Amino acid sequence: LLDIDIHGPSIPKLLHIEDKLITAHGENMLPVLVGDNLKVISMGLMSRDHDAAIIWRGPMKFQVIKQFLKNVEWGELDYLVIDSPPGTGDEPLSIAQLLEHPDGAIIVTTPQDVAIADVRKSISFCRSLQLPVLGVIENMSGFICPKCSEVIDIFKSGGGEQMAKEMGVPFLGRVPIDPQIVQACDTGRPFVYHNSNSPAAKAFKEAIKVLSNLNVKENL
Ligand SMILES: Nc1ncnc2c1ncn2[C@@H]1O[C@H](COP(=O)(O)OP(=O)(O)OP(=O)(O)O)[C@@H](O)[C@H]1O
Ligand SMILES: [Mg+2]
Ligand SMILES: [Zn+2]
């Protein structure tokens, strides 16, 4: 898992490894190991000062992203999942230019028009860079009231699906707002593992199923 969010890396916190550090191995870096099958690289694992701001322009970000790909002893991987900050700026541009044979991009949006407008640009960005769009996920799609189970569409609902249709890209599903996701993220516990019967976990699993049916690897 490669976190290329240079200015606001969240992956270390989400995985509860914020006190771990990337180690040096000769000229190279060794990723932080989570469990026995997940290797992680993130700017947040370069220093213990979690409040320090990274004040960098594009060329520096390009260099560090390049090092995260080429100077890390990743070893043999099944998948390299890259978490990018939103938008069409330096980080997504750097990674899209540096990856040699990416399977594609997964785009996450929220349902309201203001978010969708930006995400449409992200899809155009992928097209310009010949990066296939594997699909769109609509996050924060409705809130199931814990008291009466009524669904409340806080950020509206369905906007991501409609946009995916209009732009001709696969739709991977809707993830509702679930306070347990906030809890899991803040304590670094895997939400789907600990809340596997919740509607949100089912949505995650459904999206994974759709993605694995795409046979991404075989289509290379
Ligand atoms: N479906 C959800 N239900 C409840 N909380 C959520 C949900 N999705 C995200 N969150 C909360 O919002 C936080 C940020 O989410 P996430 O990391 O996915 O945002 P992001 O789009 O990557 O943000 P950034 O722009 O900072 O990269 C999560 O840590 C979690 O607390
Ligand atoms: Mg993020
Ligand atoms: Zn209610």
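The shell around ligand 1 consists of eight nonpolar, one polar and two charged residues (Asp, Glu, Lys and Arg count as charged; Ala, Val, Leu, Ile, Met, Phe, Trp, Tyr, Cys and Pro as nonpolar; the others, Gly among them, as polar). The model is predicted, with local features requiring pLDDT of at least 70 and side-chain atom pairs pLDDT 80 or more, while totals for chains, interfaces and linings use all residues. Residues are numbered from 1 along each chain, chains are lettered from A and ligands numbered from 1 in the order written, and side-chain values use heavy atoms, without hydrogens and water.

**Exercise 1.** Identify the residues around ligand 1 and the elements that supply them.

*Solution.* Step 1: the residues with a heavy atom within 4 Å are Asp5, Pro86, Asn139, Met140, Val175, Pro176, Ile177, Asp178, Ile181, Val182 and Cys185. Step 2: at least two shell residues come from each of β8 (133-144), β10 (171-177) and α6 (179-187).

**Exercise 2.** Find polar contacts (N or O pairs within 3.5 Å) of ligand 1 with Asn139, Pro176 and Asp178.

*Solution.* Step 1: Asn139 places a polar side-chain atom 2.8 Å from a nitrogen atom of ligand 1. Step 2: for Pro176, a backbone N or O atom lies 2.9 Å from a ligand nitrogen atom. Step 3: a polar backbone atom of Asp178 is 3.0 Å from a nitrogen atom of ligand 1.

**Exercise 3.** Describe how α2 packs against α3.

*Solution.* Step 1: the axes of α2 (residues 58-70) and α3 (residues 90-98), helices being DSSP runs (H or I) of at least four residues, lie 9 Å apart at an angle of about 45 degrees.

Note on methods
A polar contact is a pair of N or O atoms within 3.5 Å; within protein, one must be able to donate a hydrogen and the other to accept it, and residues adjacent in sequence count only if both atoms are side-chain atoms. Axes are lines fitted to C-alpha atoms, for helices over the stretch in contact, and angles run from 0 to 180 degrees between N-to-C directions.
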